[in-house]
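Visitor: Hi, I'm new to this one. Can you put it up and walk me through?

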Amino acid sequence: MADTQQVDAKAERTVSRLAHRIGAFAAAHGGAEGQVAYIGERGARIVLVGADGGWGDLVAPTYAIAEQAVAKAGITVHESFDGEFAGRVTTGPYEWKRMAGIQVGG
């Protein structure tokens, strides 16, 4: 029974830490919305898009922890990273250069 409580306490700390980082991102970008995507054994990716078009992501150890973190942070969560949501992302020279490098093997 102690092992279960220890695991739950660790998960709660992880949820709180992620929610704090999501909240900090939202505060820095005038608000934020997100999307949670399962990435296999690595857990889940939380993609954040700020009201100003800035974006970032976090990785949670499990999908359940990611869902709890976004709920605790109080942001709007989208089911998918569809065209309308993705269209809010502002990309700059770095992203375009990086994407072009990927296309040409960089």
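Visitor: Let's start with Leu48. Which residues does Leu48 touch, leaving out those up to four places away in sequence?

Guide: Leu48 touches Ile22, Phe25, Glu33, Gly34, Gly54, Trp55, Gly56, Leu58 and Ile75. Contact means heavy atoms within 4.5 Å.

Visitor: What should I know about the model and its numbering?

Guide: This is a predicted model: local features need pLDDT of at least 70, side-chain atom pairs count only at pLDDT 80 or more, and totals for chains, interfaces and linings use all residues. Residues are numbered from 1 along each chain as its sequence is written, and side-chain values use heavy atoms, with hydrogens and water left out.

Visitor: Back to the core. Which residues of the largest nonpolar core touch the most other members?

Guide: Ile22, Ile46 and Leu48 do, out of 17 residues in that core. A nonpolar core is a set of buried Ala, Val, Leu, Ile, Met, Phe, Trp, Tyr and Cys residues joined through side-chain atoms within 4.5 Å. Buried means under 20% relative accessible area, exposed over 50%, partly exposed in between (1.4 Å probe, protein chains only).

Visitor: Which elements each supply at least two residues of this core?

Guide: α1, β1 (32–38), β2 (44–50), β3 (55–60) and α2 (63–73) do. The largest share, 5 residues, comes from α1. Helices (H or I, at least four residues) and strands (E, at least two) are DSSP runs, numbered from the N terminus.

Visitor: New topic. In what order do the strands of the sheet run?

Guide: The order is β3-β2-β1-β4, with 4 strands in an open sheet and mixed pairing. Two strands pair if DSSP finds at least two bridges between them.

Visitor: Which strands stand at the edges?

Guide: β3 and β4 (76–78). Each has a single partner strand, so one side of each is left without a neighbour in the sheet.

Visitor: How do β1 and β2 pair, parallel or antiparallel?

Guide: Antiparallel, over 7 bridges. Glu33 has Val49 in β2 as its bridge partner. The two strands form a hairpin with 5 residues between them. Gly40 in the turn has a positive phi of about 85°.

Visitor: And β1 with β4, parallel or antiparallel?

Guide: Parallel, over 3 bridges. There, Gln35 has His78 in β4 as its bridge partner.

Visitor: Last one. Is Thr14 buried or exposed?

Guide: Thr14 counts as buried because its relative accessibility is 10%. Thr14 lies in helix α1 (residues 2–28). Not counting residues up to four places away in sequence, Thr14 touches Pro61 and Ile65.
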